[in-house]
Amino acid sequence: MKVNPFRLRGGLAPLLIATVLLALFPLIGVPQNWLLYLFLFFIYLALANMWNWLAGYCGLISLCQPAFIGIGGYTLALMTWVGLPIWQGLIAGAIIAALFAVIISIPVFRLSGIYFAVGTLIVPELLRLFFLNWRPVGGLLYGKGAGYAVKGATTIPATDIYWLTLIICIGSVLMMRFILRSNLGLGLAAIRDNASSAASSGINVFKLKFYSFVGSAAITGLAGAAFYIQQGFIEPTSAFNVRWTMVLMLATVIGGVRLEEGPAVGAIIVVFLHFLLARYGGVSLLIQGVILVFIMLIAPQGIMGSVRRALSHRTPHLRRQPARTRG
Amino acid sequence: MGILLGGLYSLVALGLSLVFGVMKLINVAHGDLVLMSTYLAFSMMTSFGLDPILSLVIGMPVMFVIGFAIQRYLLNRAFKISMEAPLIIAFGISIILQNFYQIVWTPLSRGLTPSYAMLSFSIGGLNVPLVYGLDFAVSLIVMLALREFMKRTYVGQAINAASQDRGAAQLMGINANRVYAFAFAIAMVLAAIAGVFLGLTFPFTPQSGVSFLIIAFGVVVLGGLGSIAGTFIGGLVMGLAQTLGGYFIGTGAQMFVAYLIVFIVLGVRPQGIFGR
Amino acid sequence: METPVLSVAGVTKHFGGLTAVKNFSFDVQPGEAIGLMGPNGAGKTTLVNIIYGIYKPDSGKIRFRGSNIGGLSPHRICHLGIARTYQIPQPFATLTALQNIIVAAIYGRGLSRPDAEKTAHEILEQLDLSPKKNTVTLDMDEVALKRLELARVLATRPSLLLIDEVAAGLTEEELPRILEILRNIRQAGVTILLIEHVMKVMTEAVDRIIVMDRGEKIAEGNPGDVMKDRKVIEAYLGEPE
Amino acid sequence: MKRLWHKVAAVGIILVVLVLSLAALPSCKSGPQAPSEIVLGTTMGLTGAAAGFSQGGAFGLKAAVEDINKLGGVYVKEYDKRIPVKLVILDNESDPAKAGTLAEDLLTTQKSDFLVSPPQWPQMIAAIATAAERHKTPFVGFAGPFEPNQALRESAGPWNYTWESGFHIGAPFTPGDFRNVPGYTMMDVWWGFLDKYGGQTNKKVGAFASDDPDGRGWYGAFTPALQGKGYTVLGADKELGIAPLDTTDFTPMIKQWKDNNAELLVGNAPAPWFGTLWRQAQTQGYRPKVVIAEKAAMLYSDVTAWGGDLPWGIAALVEWVPTIKAPGIGDTTPVSLDERWKAATGLPTHQLVGSGYCQVQIIIDAIEKAGTLNKDAVNAALAQVDLMTIRGRAKYDQFQFSGFPIALGQWFKVDTAAKWDFKVISSSHDFYPATAEPMYPMPYK
C-alpha cells in the first residue's frame, strides 16, 4: 500500500490548479508574508521530498543532505563572485551537488543500512571543516570562516525568488510522482521490500540506489542554492549544519514517511513552527524535538499515514510494516 | 599529546560503540547524554563545591537510571515500529536535551575548573596538562574494567550474547529487552565518566554534544563498530591524526585531517580498521 | 555431448570452521530436471546461494552454458537466464501480486510496462493466482506465496530454474496441480534444479536425483535407484542430528 | 474509485492545512495603516551561541523603547503627535540560516516600520541588511568593527538602507571628520597602552584570531600595523594563531609562542574560543606580560565562565561603561540604565546595553528629523543624524558607518560577590575617564 505505483494514475488536475493558483499569488496582491511562508514551504518541501525519496523509498537513511544544500549554496555564491549570472549559479549548484554525490557514493555505498547513516553523517562535517579552510576567491576578509555574500542577491525581487522556488518545488513533486509511477519507482519499492529478492529478479540494486542518491543530491543542491539567493550570505557552519537534517526529518516524519503527500503536510507544520516559535525563543527547538519523538511513537506513519488509515477500509497492511530486510 | 587526547576520545566513543554493538542503534543523542553528566558535575561543583571526579559517585547511578528509562520507555517501543524509528527518536532526544541544557544552564561556555585542572607535568621537555594524563589513565582503566565485566559477569555475558545474535540469545533464555536496557544503562555510566573528564579538559556549551558525537562517530568508525579494543585504538588514531594534522598543516586543519582519515577508512574498510 | 546448462565443478565453501559444501561437482543438461535432496543442514541451500552469487565459493568453478559465472552479482545472473525461488517466500510485501510479477518482468526480462503487464496476467493465470492479483502480498497465505514466488521468477523467463522447496506445506490434494505446473514449465523448455523434501514430487517431477549430506555428494542416479541406496537411507535415518 | 477519493481527500487536507496555517499566523489582522504605533523589528540569537552577547543588546533596545514611550512616543510632524514605539524581537536561535527568513518575517508579518539591531554577528547583520534592501526599509544596526563589515557591504551590497555603527580597527576616517583624533580606532586605543608598556617587553607578539569575519578583519589590519611599529608577530605569514571557531586544541600555536618567548598576546576571538586557548596556555606554562583579548574579554558572564583566575589582568576594548558622561532618553543616564540592567538580571554591568540603547536613539532622531514615517524620507534623514547618544556622538560617514569612541579596560579582581570588575585603564576622551591604573605586567598567582 505504501507505494502503489498504479494508484492515482490521473489526478494531475488538483496539482495543476494548485500550481497555477500559487503562481498567481504575487500578482493578485496576496499579503507579502504569505509569499515568505510559501517560499520556505517550497524549499522545505523540495528538500523533504528528496529525503523521502532516499529514506522512504530506497531505504537509504541519508544524513548528508546538508552537504548538498551547502554545496548548492556555495556554488551559487562563488559563481556570483566570478561574475556569472545567478541562474547559471543555480544550475551549477545542482550539477556540482550531483557530482559530489557521485564521488562520495564510492565509499558510502559500500555501507548498507544503518552503517550508511553513520557514513553519511560525517560528510557534512567534513565539508564544513573543508570550507572553513578554503578561500578560492576574495581577499583576507572573505572566504574560510568569514563566508561569502551572494553578490547581487539584494537586487532580486522577492517575487522572483518566490516563483523560482515554486518551480523547484513543483518540479520535485512532479519528479516524485513520475518516479513512483515509473519502472524506477516499482524497482525501488521492490528493493525496499526485499533487496535480495529484488536482485534475483534482475534488479541492479546498486544502480537504482545510486541514481536515486545522485538525483536527490541534484534537486537538494538546487533548492539549497535557491535558499541562499534569499539569504544573501553563506558561511560554513550554518550551511553544513545538522539542523537541516532536523528540518527534513521532521517534515517527512510528521507528514508520513513513504507517502507521497507526507512531506507536504509535514513541511507546512515545520514552516508554521519556524515562524510561530521564533516568538517563544528558547523553547522552540525543544517543542520540535518533543513533537518528533511523540509523533514517532504515537503515529509512526505520520499525519497522512493516520489519515489514510482512517479513510481506508483495508487497514491491515497499513498497520503492519513489512519486515525490512538488510540490503 | 595526541595519544593522551585519544584516550579521552575513545572514552567518549565507548558508550556509543556498546549501544551500537548490542542493538545496532546509532545513538545520535550520545553526545548530548555525555554532556548531561558534564552539566551534573558542573552543578554539583558550583552549588556544593563537590569535586567533579567525586561527583561521579552520584552522577553514575543517575545516568544509569536515565539510560535504563530511555531504553525501556522510548527506544524499546521504537524498535518495534521500524528500523529508522529509534534513530529518529534518538535525534529528537538530542534536540530536546540541547535546549533543555540551554534553558537550565544558559548558553554560556562553561568549564569544570578544580585547582588541578590547571596543572601540568613535563615529559621530555613537553608540558602535558595533568588532565590529559588523567584522561588517558581513566580511559585505559575503564576499558579494561568493561572488558572484564563483559567476560565475567552474567549481565556482561548476556549483553555479549545478545550483541552476537539476538535470536540465539533469546533461545538461551535471555530476555533481550532487559539486556538492551542494561546495555544502554551501562553505556550511560560510561558516558557519565566521559562527560566529567571532557568537562575537565575542554570548555562546553549546550551545543557541545554535537561535536562530541561526531568525534565519537569518527572513533567508532575507525575502530570498527562494537569492538572495545577497536574503539580504544580508534580513539588513539583520531587523537594522533588531529594533533599531527595541527602540527603539519595548521590548527585549522586539525579535525579535517582526522575526519578525512575516517572517511577514507570507511571507503576502504567499511568494517573499520579492527572490525571483523 | 551438448554443453551442460549448468556445470558445478569441485565447489568448496567454508563458514568459519564448518565446511558447508565440500568438493561438490555435478552437471545439468539442457531440458533436464534434477532433484537435489539431503537431510536438513546438508548444504543444499548454501549450494544454491553459491550458484546464485550470494556466496563466493572458496574453490571450484561454476559454469553456465560453458562460461564462468562465479563472482557475478545476482542481477547479472538473473539476466543470463537463471532464476531461483527461496525456501521461505520472499515477495515484495507492499506490492500486489500483479506488481510483484511486473517488477520481475520489467527488470528481469527487460519488457516494457504494457508487455510486462500482459505477461504478468498470463503467468498469474497459469499459476491459478488470477483471483488474487490485486491482493497486497503481505495479506496472502503461505500456499499462495509459494506459488507467487514461482510466478515471479518465471516472469524473468529463465532457461534454468533453481527451485528451493515448492511443495512443502501443501495438502495431498494440492500436489497433483503443482506437479502439473512443474511439468508445464519443463515443457516450455526450462531446465530445473529442484530441492525438495516431498518424495512424491521428487519421484514424479525429476529425471535424476543428487543426494547431499554434510556438504558432500553421497549418491546420484535415477529416482528409483537412489531411494534404495544404503548410504542415502543411512543419511536420513542413521543419525537424526 | 476509492483511490480517487483518497487523492481528493489528501489534496483537500493539504490545502485546508495550508490555508489554516497561513490564516492562523497573526499577520492577518491587517487593518488600515493608522500609525497607532511605530514598529521597530529585530532578530537576534536570544538562544544558542550568541545568546550571552544578545542579552545586553536586547535589554538596551527594550530600555530605550520604554524610555521613549514614557515620553509618549516619537514626535512625528506629519501627524503632529507623539506615536508610541513597539519593539518586536524574533529569536533566530543563533542560526544565520534562520536569520534571513525571520528578517523577512519582521517586514512582512510584523509590519516593522524600521529595523534595528544590537551588536551581533556579521552573518546576522547581513541577513537583516539583505531583507532591508529588498523591502527598502531603513536598518539601523550595531556592526562592531568597521573593516569586516565594510568588506561584507562591498561584496553583498548595495546596502543603501543599512546604517551601521561601531568602531574602526585601524582604517582612518575621512579628512575633516571629527573622529580624526585619538580614541576612535582600536589601534589607536591599543597604542595608547602599548606605547607606554610595549617598550618594556621584547616586542615579540603572539597574535590570535578566530576564523570569522571579525577575527580575520582584526588579523589582517593589526599584524602589519604591529610590525610597522617594530613588533615581531610570530608566524604572521603562515596565519599562525587563526583557528576555526570550534577548535579545541590550541597547543601547536601556544608551543610556538612559548618557545619564541612572545611576551605579548593579543587578538580578537569569541569568549569560549579564547577561554580554551588561555586555559591551555596556562597549563602549558605560557605567561605573557600583556594580554589583550578583543571581544572575548568584553562580557562579565563570559570571563567568569572561564573559571579560576583566568580573567585576571586581561585587557579589552571598552565599548560602554556607566561612567561615560553621555545622555539617554528623558532622564535616563548611563548610571541609571546600568542600575536597571543590574536590577533586572542580577548581573554586573553588560557593555552592550549601551550599544543597543543608542540604536533606538538614532532611529528616533531620524524619524523626528524626517517628520514622517515614510521609509525613504527617514532613510535620507539618517544621513543627517548628528546626535549625542548614550554611547557617544553618532554621525554617519560616506560608508553609512558611524564610528563611536572607545577606550581600553582591564579585568580587576575585586572583593565583591562578582569577583571581577572591568575598569577603564586608558582613554583619550574626557567623557570616558580612566578609573584605574593599568596592571603591568599581567598578574599571575
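Visitor: In chain B, what share of the contacts with a separation of 6 or more comes from residues 24 or more positions apart?

Guide: In this predicted model, residues 24 or more positions apart account for 76% of the chain B contacts whose separation is 6 or more. The order of elements along the sequence of chain B reads α-α-α-α-β-β-α-α-α-α-α-α-α, with 11 helices and 2 strands.

Visitor: How many residues does chain B have, and what part of them is buried?

Guide: A residue counts as buried when its relative accessible area is under 20%. Chain B has 276 residues, and 63% of them are buried. The accessible surface of chain B is about 9,800 Å², and carbon and sulfur atoms hold 70% of that surface.

Visitor: What area is buried between chain C and chain A?

Guide: The size of an interface is often expressed as the accessible area that is lost when the parts come together. Between chain C and chain A, about 2,500 Å² is buried, with 54% given by carbon and sulfur atoms. On the chain C side, C:Thr94, C:Tyr107 and C:Arg113 lose the most area to chain A, together 27% of what that side buries.

Visitor: How many residues are in contact there, and which helices of chain C each supply at least two residues?

Guide: The contact involves 27 residues of chain C and 32 residues of chain A. Helices α2 (74-80), α3 (97-109) and α4 (113-126) of chain C each supply at least two residues to the side that touches chain A. The largest share, 7 residues, comes from α3(C). By type, that side of chain C divides into 15 nonpolar, 7 polar and 5 charged residues.

Visitor: Where do D:Asp195 and D:Lys229 lie?

Guide: A salt bridge requires a side-chain nitrogen of Lys or Arg within 4 Å of a carboxyl oxygen of Asp or Glu. The side chains of D:Asp195 and D:Lys229 form one, at 3.8 Å from N to O. D:Asp195 is in helix α6 (residues 186-197) and D:Lys229 is in the loop between α7 (213-228) and β9 of chain D, so the pair ties together parts 34 residues apart in sequence.

Visitor: How far apart in helix α11 are D:Lys342 and D:Asp338?

Guide: These two residues are 4 residues apart in helix α11 (residues 334-345) of chain D, a separation of about one helical turn. D:Lys342 is partly exposed at 32% relative accessibility, whereas D:Asp338 is buried at 3%.

Definitions and conventions: Residues are numbered from 1 along each chain as its sequence is written. Chains are lettered from A and ligands numbered from 1 in the order in which they are written. This is a predicted model: local features need pLDDT of at least 70, side-chain atom pairs count only at pLDDT 80 or more; totals for chains, interfaces and linings use all residues. Side-chain values use heavy atoms; hydrogens and water are left out. Contact means heavy atoms within 4.5 Å. Buried area is the accessible area (1.4 Å probe) that two parts lose on being put together, summed over both. Ala, Val, Leu, Ile, Met, Phe, Trp, Tyr, Cys and Pro count as nonpolar, Asp, Glu, Lys and Arg as charged, and the others, Gly among them, as polar. Buried means under 20% relative accessible area, exposed over 50%, partly exposed in between (1.4 Å probe, protein chains only). Accessible areas come from the Shrake-Rupley method with a 1.4 Å probe; for residues, only the protein chains shown count as cover.
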